Amino acid sequence: MSTPSVNPKNWKSGGATLLKKNWQIQYYFYSANNEKRKLVAIKGMNEFNNLEDRRAITQGLIEDEIENNKSGYNPFTKTFVSPVDINADLHPYLDFISAFRIAASKIRCTKKHRKELGICINRLEKKVAKLGLRKVVIEQLTRRQLKQLLESCNLPDNYFNKYLSFLSSLFGELVEYECCEHNIVRDIRKRKIIKKQREILSSEHHKAVMKHLYVNHYEFWRYARIFLFSGARTTELFRVQAKDVDIENQEYNTTIAKGSNPHEVTKVILKEVIPLWNELLENTKPNSYLFSKGLKPGIKPISSSQITRRWSRLVKKSDDIKDDDGNMPTSRLHKHI
């Protein structure tokens with residue numbers, strides 16, 4: 001690895017105005033034969049709004065990254081050089097990170113959840129060497145050690161709680177395989193979170209938004225109308241294929257994958273949007289997803305994050321949304337708990 005540097009360059013000596021900037025540590029990581037290199041960027045310090053805290057965290061992140069590279073961390077694969085055989089048997093004498101990885105491969109969950117489990121384990125593994133826990137086997141891992149490991153990651157409160165949930169599901173699997181006696185996560189308290197007020201559209205703004213989408217982004221408007229009358233989450237609508245729809249009986253089937261017990265449900269198609277469902281079904285093959293690329297029918301499923309990105313780009317950041325008189329709505333957002 002090259003010597004890590006920090007942007008802004010005067011991060012150690014500058015004044016309070018530095019807090020207005022986004023900081024970043026960067027260095028180049030080279031493959032063993034020097035044929036490939038990767039620019040690694042680290043930004044975990046920007047959540048700290050006290051200058052001394054941000055400096056201390058930045059210094060710690062630099063030291064952690066150097067130590068992780070010495071211990072065999074590979075930024076290309078985002079894993080350490082000794083890969084874990086996820087098909088290996090779980091037993092009490094595995095180092096706990098390997099046990100986590102194998103347990104994660106055995107849990108029944110969505111593809112998205114399994115990916116998030118992997119990210120959680122990767123982040124914990126990067127702190128293991130610094131805390132001297134690399135040789136700790138899963139049978140001997142204590143609640144105190146696990147909490148110290150979590151705290152060393154400097155996680156925001158909501159992520160801390162999310163990681164507890166991830167780890168609890170892993171320990172549920174590990175207890176069943178008799179790798180440990182108890183789920184030690186259960187006695188680690190979650191952090192209190194102040195719930196933010198949700199932003200909802202006023203009726204005036206909703207009307208202006210839908211008018212704008214209908215004229216300029218029809219497929220997004222069509223999806224928005226179906227979503228509003230569906231009683232389903234985006235993830236559930238994105239799983240619907242043409243064969244799952246019974247337009248004559250005004251219903252469709254979808255899978256609810258939230259939690260550990262995925263199950264199929266039947267939902268009603270309200271008469272207000274039947275013409276839109278018919279548009280999607282017209283000349284569509286039975287195995288096609290109704291909302292694929294471009295929010296049109298297609299063979300490949302897409303991520304529900306598409307909607308978040310479209311909403312941000314086409315609505316929240318748009319200056320083109322007008323009311324019937326050609327003016328911006330006077331009250332764009334109302335606060336709602």
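User: How do the residues lining the largest pocket divide into nonpolar, polar and charged?

Analyst: This is a predicted model. In it, the lining splits into nine nonpolar, 12 polar and 12 charged residues. Lys and Arg count as charged. The pocket has a volume of about 1400 Å³. There are 33 lining residues, and the closest to the centre are Thr110, Lys111, Lys112, His113 and Arg239.

User: What makes a residue part of that lining?

Analyst: An atom within 4 Å of a pocket point. Helix 3 (111–128), helix 5 (157–176), helix 8 and helix 10 (305–316) each give two or more such residues. Helix 3 gives the most, with five.

User: Why is Leu213 called buried?

Analyst: The cut-off for buried is under 20% relative accessible area. Leu213 has 0% relative accessibility, so Leu213 counts as buried. This residue is found in helix 6 (residues 203–216).

User: Which residues does Leu213 touch, leaving aside its neighbours within four places in sequence?

Analyst: Contact requires heavy atoms within 4.5 Å. On that test Leu213 is in contact with Tyr218, Phe220, Trp221 and Val315.

User: How far apart are Leu213 and Arg309 in sequence and in space?

Analyst: They are separated by 96 residues in sequence and by 15 Å in space, C-alpha to C-alpha.

User: Why are the buried residues of helix 9 said to line one face?

Analyst: Start with the residues. In helix 9 (residues 274–281), the buried ones are Ile274, Leu276, Trp277 and Leu280. Viewed down the helix axis, the buried residues fall within an arc of 160°, so they line one face of helix 9.

User: What covers those buried residues of helix 9?

Analyst: The cover includes helix 7 (218–228), helix 8 (234–237), strand 7 (245–246) and strand 8 (251–256).

User: Which residue with a positive phi follows helix 9?

Analyst: Asn283 follows helix 9, with a positive phi near 60°.

Technical notes
Residues are numbered from 1 along each chain as its sequence is written. This is a predicted model: local features need pLDDT of at least 70, side-chain atom pairs count only at pLDDT 80 or more; totals for chains, interfaces and linings use all residues. Side-chain values use heavy atoms; hydrogens and water are left out. Buried means under 20% relative accessible area, exposed over 50%, partly exposed in between (1.4 Å probe, protein chains only). Helices (H or I, at least four residues) and strands (E, at least two) are DSSP runs, numbered from the N terminus. The arc is that of the directions from the helix axis to the C-beta atoms. On a 1 Å grid over the protein atoms alone, a cavity is a set of points where a 1.4 Å probe fits but cannot get out, and a pocket is an open set with protein on both sides within 12 Å along at least five of seven lines; lining residues have an atom within 4 Å of a point. Grid points are joined across faces, edges and corners, and a volume is the space filled by probe spheres set on the points.
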